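Welcome! Have a look at the model first, and then read on.

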Amino acid sequence: MDLLMIPGPVQLHERIIRAMARQMIGHRTKEFSEIMDYCIKMLKECFGTKHDVFIISGSGTAGMEAAIASFSKVKRITCIDNGKFGDRFVRIAQRYTEVDALRFEWGSSIDLDAVEKSLANGSEAVAFVHNETSTGILNPAKEIAKIAKKYDALVIMDGITSVGGDEVRMDEWGIDVAVVGSQKCLGAPPGLSAVAVNERAWEFYNERCPFYLDLMAYKKKSKDLQTPYTPAVPLFFALHEALKIIEEEGLENRIRRHRTFAKAVREWALSLGLELFPKLNEYSRYSNTVTAIKMPNGITDKELRGTLKSEYKILISGGQEHLKGKIFRIGTMGNITKRDVLATLAGLEDVLRRKEIIGESALDVAMDILDEI
Ligand SMILES: Cc1ncc(COP(=O)(O)O)c(C=O)c1O
């Protein structure tokens, strides 16, 4: 079996696998509501919110669409695209309202002046991706929300690969709606998404949104700690266990661990003379959950990732869309360990050394950083 070092789905903890192997329960029972209650409580902590959290049976994209469509009573929304998932927000929002698509070269940082200009021109909402998984960049959530507040605009954030692995303080930052996917930093299997929604968002509620993704239906049922339609019950068993693991680790420790893993990967890469893909400005940061590295000359994507998979049984990601073959991405999210990170870097070094792309090892650099936790 492969070791998954991709930015989701992540490797599952044994406890989470076992949690799913049990008899079904009714979703209108006290037993299910207790699971729901715990999941909501823990997800609120991960989102950094005291407001509502709704769980949808559907992958992260279902959560993105629910967030946009349910709150699409706006004349125009600004969607920020500096990667594949920002582009997805544009394409979702275009189905529901007029969109001002702010497009930046994938891998580059968001220009906050352009965001301000778009809002000053009358957009009533802004949607952006916090951790752009396709490029390994952490976008400036707090700063975007601050600008939006000046114009009273609704703020919708994709936190799909940040919530549960990096710092997200939705209420404090002024984010009105945020989304997470189960298969990323939360460490659960794919198939669930959660949307956190504050009271203000309901001013933008559009009752003509898609039936299944209408968050008002989720809100009504949440009073009984239930979902409006039959949920993916085994995935709730898994999410429940995944969140127990987060509670045991402690969210702060978990964030520190994610940051340390990503830093170890970055410093290792830089020590070997490899180049990180994101171009940062003063507001952006490198992602703490996925690292995007430029493909060095002298090796193809197939040789690099293919050999790592066939010889080491380790799976990392390539670039998406026009970045195919140009970058490779190492996910360091969820319940992976130092051993997993080191094995991945050692395997990569071996493949790179055989192609004479690197000489000396930089594993000691990574190990020194990993020793911090
Ligand atoms: C930042 C981000 N947003 C959205 C998605 C889409 O989520 P899903 O594939 O679960 O629908 C992903 C998946 O990789 C993601 O990384």
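Let us begin with the outward-facing part of helix 6, where Lys-146 and Lys-150 are exposed. Please keep in mind that this is a predicted model.

Which residues of helix 6 are buried? In this helix, made of residues 141-150, they are Ala-141, Ile-144, Ala-145, Ile-147 and Ala-148.

What covers the buried residues of helix 6? The cover includes the elements in this table.

| Element | Residues |
|---|---|
| Strand 3 | 76-81 |
| Helix 5 | 112-120 |
| Strand 5 | 125-129 |
| Strand 8 | 154-158 |
| Helix 7 | 170-173 |

After helix 6 comes Asp-152, with a positive phi near 55 degrees.

The structure holds four cavities of 30 Å³ or more, and the largest cavity has a volume of about 40 Å³. Which element gives the most to the lining of the largest cavity? That is strand 2 (residues 52-57), with three residues. Among the residues lining the largest cavity are Ile-55, Ile-56, Ser-57, Tyr-212, Tyr-218 and Phe-236. The lining of the largest cavity divides into eight nonpolar residues, three polar and no charged.

Key:
Residues numbered from 1 in each chain as written. Predicted model: local features only at pLDDT ≥ 70, side-chain atom pairs only at ≥ 80, totals over all residues. Heavy atoms only, no water. Buried < 20%, exposed > 50% of the residue type's maximum accessible area, 1.4 Å probe, protein only. Helix = DSSP H or I, 4+ residues; strand = E, 2+ residues; numbered from the N terminus. Contact = heavy atoms within 4.5 Å. 1 Å grid on protein atoms, 1.4 Å probe; cavity = no way out; pocket = protein on both sides within 12 Å on 5 of 7 lines; lining within 4 Å. Points joined across faces, edges and corners; volume = space filled by probe spheres on them. Nonpolar A, V, L, I, M, F, W, Y, C, P; charged D, E, K, R; others polar.
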